[in-house]
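Open the model in your viewer and keep the selection tool at hand.

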Amino acid sequence: MAGEPPLHRVGPLVHKALCCLRCGGFTAYRPPGAEGPIGYGRAVSRLMNLEPADVVGYYSRTLEEFGGSKLVRYLLRDSLACTLAQKHKLSTRAAAYRKLGATLLGFPLPSSQRPRRFRSEQAAPTWPCSYTSGCPLGHGDQVAEMFETLREAEAHDKAAWRAADAREG
């Protein structure tokens with residue numbers, strides 16, 4: 001995850017997206033002080049009964065719902081690799097990339113190439129929230145409107161980080 005901002009440096013919209021993805025079981029964070037990437041994808045076991053093309057469609061629709069953030073895209077791609085590796089009984093993400101190709105069956109698929117239930121005009125996939133005090137996004141609400149400005153928010157945050165780094169340096 002080189003080149004991606006640390007979690008304490010992401011904007012509020014991105015942070016809420018990451019919390020929501022963690023609720024859905026797509027991501028996890030490394031413990032403080034541990035070596036390795038800050039966030040990483042996890043296999044989503046509730047998708048094991050779907051065909052591989054349906055799994056890619058599910059992830060593509062989820063990515064579409066959260067906008068085009070590079071960090072969200074990276075984490076969903078990593079989670080897709082883990083899910084497909086588990087589905088094909090492979091031991092690592094790398095094995096999934098070797099078996100299925102660098103694009104992981106074309107992720108992200110355009111809406112017209114997805115199974116009908118995962119197309120843009122259909123409702124977005126939902127998942128139960130594990131937050132006892134309620135999800136920061138409210139899974140009952142459509143999050144697409146909130147994340148339409150995710151790219152702009154990330155660009156603004158990165159500009160602010162560069163300015164802060166320039167002042168410190």
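Start with the largest nonpolar core, which has 23 residues. Such a core is a set of buried Ala, Val, Leu, Ile, Met, Phe, Trp, Tyr and Cys residues joined through side-chain atoms within 4.5 Å. Select Tyr 59, Leu 76 and Leu 80: these have the most contacts inside the core. Next, color the elements that give two or more residues to this core: helix H1 (12-23), H2 and helix H3 (70-87). H2 gives the most, six residues.

This is a predicted model: local features need pLDDT of at least 70, side-chain atom pairs count only at pLDDT 80 or more, and totals for chains, interfaces and linings use all residues. Residues are numbered from 1 along each chain as its sequence is written, and side-chain values use heavy atoms, with hydrogens and water left out.

Select H2, residues 52-66.

Move to Leu 76. Beyond its neighbours within four places in sequence, Leu 76 is in contact (heavy atoms within 4.5 Å) with residues including Leu 21, Tyr 59, Leu 63 and Phe 107.

Now show all of H3. Its 18 residues reach 25 Å from first C-alpha to last. Buried residues in H3 include Leu 71, Leu 75, Asp 78 and Cys 82. Step past H3 to Lys 89, whose phi is positive, near 60°.

Methods
Helices (H or I, at least four residues) and strands (E, at least two) are DSSP runs, numbered from the N terminus. The expected span of a helix is 1.5 Å times one less than its number of residues. Buried means under 20% relative accessible area, exposed over 50%, partly exposed in between (1.4 Å probe, protein chains only).
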